[in-house]
Amino acid sequence: MAGPPLLWVATVVVDLMRPYAIRTLRKLSMRFGADVFWLSYVLLRDGVLIATFATSLVFFYPNLLHN
């Protein structure tokens, strides 16, 4: 039962991390490195959001998988 609240906190943390990611992105001199950093941040953010949505759906509708 501790999974969804941890994912909710991770979602908020990843969302609040955006200014730090942009600040770090401006410091990178190599374009490839900046692209890899930004794409990994976006992938992490979207993955956490999708995992949070999926587990929250199961958490709030427990009979969803029963039928």
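Tutor: Let us begin with the helix pair α2 and α3, whose axes come within 10 Å and cross at roughly 170°; here helices (H or I, at least four residues) are DSSP runs, numbered from the N terminus, and axes are lines fitted to C-alpha atoms, for helices over the stretch in contact, with angles running from 0 to 180 degrees between N-to-C directions. That angle makes α2 roughly antiparallel to α3, a label given to angles over 145 degrees. The crossing of α2 past α3 is right-handed, which is to say that the near helix is turned clockwise from the far one by less than a right angle.

This is a predicted model, in which local features need pLDDT of at least 70 and side-chain atom pairs count only at pLDDT 80 or more, while totals for chains, interfaces and linings use all residues. Residues are numbered from 1 along each chain as its sequence is written, and side-chain values use heavy atoms, with hydrogens and water left out.

Returning to α2 and α3, the contact (heavy atoms within 4.5 Å) is made by R18, A21, I22, T24 and L25 of α2 together with A34, F37, W38, Y41 and R45 of α3. These contact residues divide into seven nonpolar, one polar and two charged, where Ala, Val, Leu, Ile, Met, Phe, Trp, Tyr, Cys and Pro count as nonpolar, Asp, Glu, Lys and Arg as charged, and the others, Gly among them, as polar.

Now to the rings: those of Phe, Tyr and Trp (its six-membered ring) pair if their centres lie within 6.5 Å, and planes under 30 degrees apart count as stacked, over 60 as edge-to-face and the rest as tilted. By this rule there are four aromatic pairs. One of them is the stacked pair of W8 and F60, with 6.1 Å from centre to centre and 10° between the planes. This pair links distant parts of the chain, since W8 lies in helix α1 (residues 3-16) and F60 in helix α3 (residues 31-60), 52 residues apart. W8 counts as partly exposed at 32% relative accessibility, whereas F60, at 53%, counts as exposed; buried means under 20% relative accessible area, exposed over 50%, and partly exposed in between (1.4 Å probe, protein chains only).

The rings of W38 and Y41 have their centres 5.4 Å apart and their planes at 40°, so this pair is tilted. W38 and Y41 are three residues apart in helix α3, and are therefore separated by about one helical turn. W38 is partly exposed, with a relative accessible area of 24%, while Y41 is buried, at 3%.

Conventions. Helices (H or I, at least four residues) and strands (E, at least two) are DSSP runs, numbered from the N terminus. Angles under 35 degrees count as roughly parallel, over 145 as roughly antiparallel, 65 to 115 as roughly perpendicular and the rest as oblique.
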